[in-house]
Amino acid sequence: MTQDNVTDDRTDRSTIVSPEDAGNESETPDPSGESSLSRSIAAEGRDGERVGTAQTVLEARDLNVYYDDVQAIDDVSLAIPENRVTALIGPSGCGKSTFLRSINRMNDLIDAARIEGELLFRGKNVYDDDVDPVALRRKVGMVFQHPNPFPKSIYDNVAYGLRIQDDTENLDERVETALKRAALWDEVKDQLDESALDLSGGQQQRLCIARAIAVDPEVILMDEPASALDPIATSKIEDLIEELAEEYTVVIVTHNMQQAARISDRTAVFLTGGELVEYDDTETIFENPESQRVEDYITGKFG
Amino acid sequence: MSTDTTGTDAATAITDSPGGAKRERLYRYLLFASASVSILVTLGIVFVLVTGALEFFGQYNPLDFFLGTEWNIDQHKLGVLPALSGTILVTVLSAMVAIPIGLAAATYLSEYASPRARSILKPALEILAGIPTVVYGYFALVYVTPFLAAFGLPVGTFNVLSASIMVGIMIIPMVSSLSEDAMSAVPDSLRQAGYGMGATKYEVSTGVVIPAAISGIFSSFILALSRAIGETMIVAVAMGQSPQLLQFAEPLANLFESNQPMTSAMITLVQAENAAGVIYQSMFAIGLTLFVVTFAMNLVSNWIAARYREEYE
C-alpha cells in the first residue's frame with residue numbers, strides 16, 4: 001500500500017526557520033540530505049474520493065517524548081499525507097494527544113517534556129535549533145478539545161492570527177472567507193461585533209476552526225475537537241473536517257472510533273505506553289487490521 | 001436489666017451533649033461580633049464626619065469651602081481647592097509611576113517568571129507593601145529629592161514630585177499583586193489558543209491575557225489610586241505644609257514646589273495651636289470630602305469588576 005517515491009520536495013522549507021538564524025547562517029537546504037526524506041504515500045479515500053498519491057507533509061522518525069521520567073511516546077515513526085484526514089486513535093493516556101502537540105511544539109510550553117528523535121515538516125526537523133516554534137505554529141494551526149475563543153468579538157477572534165502577523169490587508173474579506181469555510185458565516189454575519197463567548201459550544205468550536213484557518217496554515221491539528229459537543233454540533237464539525245481536507249492537511253485525535261472511521265483517510269492506532277501499533281488506511285484498520293491488539297481495541301474488547 | 005442499662009447509656013450519649021450546642025451558639029455570637037466591628041466603626045466614622053461637617057457648614061458657607069481657592073488658617077480662609085489640587089497631583093503622578101511598573105511586574109510574575117523567580121519576587125513585593133509609610137516619607141525627603149536635584153531638576157526641599165514618586169512606589173505592590181491575581185485566573189486554554197495561533201509570549205500576554213483580565217486589572221488600579229488619595233505620612237513628611245492651587249501657566253512648576261494634599265492638611269489642623277472652632281471643624285469637612293472620593297472610587301472599582309468580568313466555562 002505504501003510506496004516510497006523519492007521526490008524532491010522543499011516547499012516552504014525555510015519559512016519555519018527564524019529570520020535571525022536564517023540570516024546569519026545563510027543555511028540553504030541540502031538537497032541530498034533532506035529531499036530523500038520526503039516521500040509520497042498512496043492513500044485511498046474512505047469513500048473513494050481522495051484516491052491517489054499524496055505528498056508527505058509531516059513525518060515522525062523514531063520520536064520519543066518523555067514527561068520527566070514517564071515515556072509518553074515510544075519510538076513512533078509515521079508519515080502523514082497532504083490533504084488527507086489522518087486520525088490518531090487509542091485509549092486514554094496512549095500518547096495520541098502528546099503526539100499531536102509535539103507536531104507544533106506545544107509541548108515546549110510544558111517544562112517537564114523532553115523530546116528525542118525527529119519530526120519533519122516538509123522535510124525540515126521542527127526540533128532543529130534554527131526552527132522558531134512561533135513560525136512553525138503559523139504553518140501548523142491547532143483546534144483544541146474545549147472551544148477556547150478569546151473573550152473578544154467574533155470578528156476579532158478570527159482576525160487575531162492575521163493581526164499578530166501584521167497581515168491585515170483585506171481583513172474584512174478574509175475574516176468572512178474563514179467564517180464561511182468554517183460554516184459559521186450565515187449564523188454570525190449580523191453579530192460580528194458581539195462577544196464570541198455568547199455563542200453556543202458548537203458555534204464556538206467552529207469559530208475556533210475559523211480562527212485557525214484564517215491565517216491559511218498548511219496543517220490543522222485537532223485535539224478531540226468534538227468531544228465537548230452535542231451530537232448535532234459534532235456532525236457539523238465532522239462535515240466541516242471533510243471539507244477542510246480539500247485544502248488542508250488535517251490531523252485529528254479522537255476518542256470516538258466511529259468518528260475516525262467516518263471522517264479519516266488514514267488511521268494511526270496508539271495503544272498504552274505511547275506505542276504506535278498500527279498505521280494504515282482507515283478502511284484497513286477498521287475492517288482488516290493486522291494486529292490482534294488493534295482488532296481487540298476496535299471491536300471494544302478493551303479501552 | 002443489663003440490656004436496659006446499656007440502652008439508657010446509649011441514649012445519654014446522644015442526648016446529653018456536654019454543652020456543645022450552647023458553646024456553638026457562643027462561638028457564633030463571638031464571630032458575628034468580630035465581623036460587625038468593622039461595620040460599626042465605619043458607621044461611627046461616617047456619623048462623626050457628617051455631624052462634624054454639618055456643624056462646620058453651619059458656620060462656614062459650603063460654597064466658599066468647595067469653591068474657595070485660598071487656604072489660610074490665620075485669615076480664616078478655608079477653601080478646599082488648594083488641598084484638592086495637592087491630592088490630585090499626588091494621585092495622578094503616583095499613578096503614572098505605579099500603573100506601568102505594577103502592570104509590568106504583574107505580567108512578569110504571571111506570564112514570564114519561572115516558579116523559582118516567582119517564589120522570590122512575590123514575597124519581596126509583599127515586603128514593599130509592609131514598609132511603614134513614614135519610612136517612605138523620609139526616604140523621599142532624604143534620598144529622592146537630592147537625587148532629583150542632582151539631575152538638575154529645580155526641586156525644593158519639600159516638593160510634590162519626590163513625594164508622589166514614593167507614593168507610587170508604595171502602591172506598586174497593590175497594583176501588581178491584584179493584577180497578577182486577575183491574570184493568573186485567566187484560563188490556560190486561552191494562552192494555548194494564542195500560542196497555537198503562532199503568537200509570541202509577549203503577544204499572548206498583552207493581546208490575550210491582559211484583555212481577558214482587564215476587569216481585575218482596572219479595579220486594582222482604582223483601589224491603588226484610592227490608597228494614594230488617602231496616603232498621609234509620605235506627603236506629610238516630604239511634600240510640605242501649604243496647600244497650593246494648581247498653576248496652569250507653568251505646569252511643571254507644580255511638581256517642583258511644595259504643596260499639601262487634603263490628608264496632611266488635616267494633620268496640620270489637628271496640630272495647629274489656633275485650631276479651634278470653625279478651623280477645627282473644617283477638618284471634618286475635608287475628611288468627609290476624602291471619604292466620599294475614596295468611597296466613590298471603591299464603588300467604581302466594584303462596578304468595573306462586575307461589568308467587565310468575563311465568565312469562562
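The model is predicted, so local features need pLDDT of at least 70 and side-chain atom pairs count only at pLDDT 80 or more, while totals for chains, interfaces and linings use all residues. Residues are numbered from 1 along each chain as its sequence is written, chains are lettered from A and ligands numbered from 1 in the order in which they are written, and side-chain values use heavy atoms, with hydrogens and water left out.

Colleague: How much space lies in the largest pocket?

Modeller: A pocket is an open set of points on a 1 Å grid over the protein atoms alone, where a 1.4 Å probe fits, with protein on both sides within 12 Å along at least five of seven lines. Grid points are joined across faces, edges and corners, and the volume is the space filled by probe spheres set on the points. For the largest pocket that space is about 540 Å³.

Colleague: Which residues of the lining are closest to the centre of the largest pocket?

Modeller: Lining residues have an atom within 4 Å of a point. The largest pocket has 22 of them. Closest to its centre are Leu109(A), Asp111(A), Glu111(B), Tyr195(B) and Lys201(B).

Colleague: Which element gives the most to the lining of the largest pocket?

Modeller: Elements here are DSSP runs numbered from the N terminus: helices (H or I) of at least four residues, strands (E) of at least two. Those giving two or more residues are helix H4 (133–139) of chain A, together with helix H4 (81–112), helix H5 (115–130) and helix H8 (188–196) of chain B. The most, four residues, comes from H8(B).

Colleague: How do the residues of that lining divide into nonpolar, polar and charged?

Modeller: Ala, Val, Leu, Ile, Met, Phe, Trp, Tyr, Cys and Pro count as nonpolar. Asp, Glu, Lys and Arg count as charged, and the others, Gly among them, as polar. The lining of the largest pocket then has nine nonpolar, four polar and nine charged residues.

Colleague: Is Lys124(A) buried or exposed?

Modeller: Lys124(A) forms a salt bridge with Asp128(A), the closest N and O atoms being 3.0 Å apart. A salt bridge is a side-chain nitrogen of Lys or Arg within 4 Å of a carboxyl oxygen of Asp or Glu. Buried means under 20% relative accessible area, exposed over 50%, partly exposed in between (1.4 Å probe, protein chains only). Asp128(A) is partly exposed at 25%, whereas Lys124(A), at 3%, is buried.

Colleague: How many residues apart in sequence are Arg262(A) and Glu238(A)?

Modeller: Their side chains meet in a salt bridge (2.7 Å, N to O). Arg262(A) is partly exposed at 41%, and Glu238(A) is buried at 5%. Arg262(A) lies in helix H10 (residues 257–263) of chain A and Glu238(A) in helix H9 (residues 231–244) of chain A, so the pair ties together parts whose separation is 24 residues.

Colleague: Where does Arg181(A) lie?

Modeller: Arg181(A) forms a salt bridge with Asp216(A), the closest N and O atoms being 4.0 Å apart. The pair links distant parts of the chain, 35 residues apart. Asp216(A) is in the loop between helix H8 (201–214) and strand E9 (219–223) of chain A, and Arg181(A) is in helix H6 (residues 171–181) of chain A.

Colleague: What phi does Arg122(A) have?

Modeller: Arg122(A) is in the loop between strand E6 (113–121) and strand E7 (124–125) of chain A. Arg122(A) is buried, at 7% relative accessible area. A network of salt bridges links Arg122(A) with Glu82(A), Lys139(A) and Glu218(A). Although not a glycine, Arg122(A) has a positive phi of about 50 degrees.
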